[in-house]
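Thanks for asking me to look this one over. Here are my notes, meant to be read with the structure open beside you.

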Amino acid sequence: MTTIQVSEDDIRQTRELRDEFQKFLREYEFGMREVETKISILRDEFLHDHSYNPIEHVKSRIKTPDSIVEKIARKGIEEPDFERIREEITDIAGVRVTCSFVADVYQLFDLLTQQDDVTVRAVKDYIKDPKPNGYKSLHVIIEVPVFLSTGPLLVPVEVQFRTIAMDFWASLEHKIYYKFSNQVPSHLVESLSDAADAAAELDARMERLHREAHGVPQRQLDPPPPPRIVNV
């Protein structure tokens, strides 16, 4: 059995790197909490003032260290440090908001991104322009201020808005691709595409029923207005 000698200096440096990485991830956790609070306030306001809850559920996550390392490799980031990671990877913190209807998706997007302390860095509307495999969701990268003892810090957070049907389809698609290690048989790919169309039809039908039952006028689902975007 080989014994490797480790110096006290090596141990100290390793601990310092660990502590710095934990601090790095905490910043994203704080940013994620800020977004969760904003969404929670909007939900409570709708419930109390409008007797309606447009949000079915909210999920949040921070990328694991392994996921961050994998993304660094995929993006080809050479000699990464924490500042470079901050610049290149904007989805370390993520919040997923599942809504009842497509109209709710766009309304919540508008209400969140038009807040004065929210800056939009990028928007990808996969509802208006679905991915080739049928995936639908509205993605936005926003920056929110986090006020630390050392001063304010702008933290990027990815927020995904989708309906129940979109969320169910995306969950099933992920499980199938994981099962086949991304080598999915063509007949299953075609079935997934058909299921995406069926989910879109279900969204449209359920929203029509909801509006007819509550006498709500139809809202044009135009693309959201141009957001405030900073260069990245």
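1. **Ground rules.** This is a predicted model, in which local features need pLDDT of at least 70 and side-chain atom pairs count only at pLDDT 80 or more, while totals for chains, interfaces and linings use all residues. Residues are numbered from 1 along each chain as its sequence is written, and side-chain values use heavy atoms, with hydrogens and water left out.

2. **The main core.** In soluble globular proteins, nonpolar side chains tend to be buried together. Here the largest nonpolar core holds 38 residues, and Val-35, Ile-92, Val-97, Ile-142, Val-157, Val-159 and Phe-161 have the most contacts inside it. A nonpolar core is a set of buried Ala, Val, Leu, Ile, Met, Phe, Trp, Tyr and Cys residues joined through side-chain atoms within 4.5 Å. Buried means under 20% relative accessible area, exposed over 50%, and partly exposed in between (1.4 Å probe, protein chains only).

3. **Who supplies the core.** Two or more residues each come from helix H1 (8-50), helix H2 (65-75), helix H3 (82-88), strand S2 (93-99), helix H4 (102-113), strand S4 (138-148) and strand S5 (151-163). H1 gives the largest share, 7 residues. Helices (H or I, at least four residues) and strands (E, at least two) are DSSP runs, numbered from the N terminus. Apart from this core lies another, of 8 residues, including Tyr-135, Ile-176, Val-184 and Leu-192.

4. **A look around Val-97.** Which residues does Val-97 touch, not counting those up to four places away in sequence? They are Ile-39, Ile-55, His-57, Val-58, Leu-108, Val-159, Gln-160, Phe-161 and Arg-162. Contact here means heavy atoms within 4.5 Å.

5. Do have a look at Asp-91, in the loop between H3 and S2. Asp-91 is buried, at a relative accessible area of 10%. Leaving aside neighbours within four places in sequence, Asp-91 is in contact with Arg-61, Lys-63, Lys-71 and Glu-158.

6. **Aromatic pairs.** The count of aromatic pairs comes to 6. Rings of Phe, Tyr and Trp (its six-membered ring) pair if their centres lie within 6.5 Å; planes under 30 degrees apart count as stacked, over 60 as edge-to-face and the rest as tilted. Phe-21 and Phe-82 have ring centres 6.1 Å apart and planes at 35°, so this pair is tilted. Because Phe-21 sits in helix H1 and Phe-82 in helix H3, the pair ties together parts that are 61 residues apart in sequence. Phe-21 is partly exposed at 22% relative accessible area, whereas Phe-82 is buried at 14%. Ring pairs also link Phe-21, Phe-24, Tyr-28 and Phe-82 into a cluster.

7. **Salt bridges.** Side chains of opposite charge can pair when their charged atoms come close. The rule used is a side-chain nitrogen of Lys or Arg within 4 Å of a carboxyl oxygen of Asp or Glu, and the count comes to 14 salt bridges. In one of them, Arg-18 and Asp-19 have their closest N and O atoms 3.0 Å apart. Glu-88 and Arg-84 meet at 3.4 Å, N to O; both lie in helix H3, 4 residues apart, about one turn of the helix. Arg-205 and Glu-201 bridge at 3.6 Å between the closest N and O atoms, and these two are also 4 residues apart, in helix H6, which means a separation of about one helical turn. Arg-205 is partly exposed, at 47%, and so is Glu-201, at 37%. Salt bridges with shared partners join Glu-27, Glu-83 and Arg-86 into one network.

8. **Two positive phi values.** Most residues other than glycine have a negative phi. Ser-51, in the loop between H1 and strand S1 (55-62), has a positive phi near 50°. Glu-79, in the loop between H2 and H3, has a positive phi of about 45°. Are these residues buried or exposed? Ser-51 is exposed at 66% relative accessible area, and Glu-79 is exposed at 77%.

9. **A nonpolar surface patch.** Leu-202, Met-206 and Leu-209 make a nonpolar patch of about 270 Å². Patches are made of residues with over 30% relative accessible area and no salt bridge, with like charges joined within 9 Å and nonpolar side chains (Val, Leu, Ile, Met, Phe, Trp, Tyr) within 5 Å. Accessible areas come from the Shrake-Rupley method with a 1.4 Å probe; for residues, only the protein chains shown count as cover. Leu-209 belongs to helix H6 (residues 186-214) and is partly exposed, at 45%.
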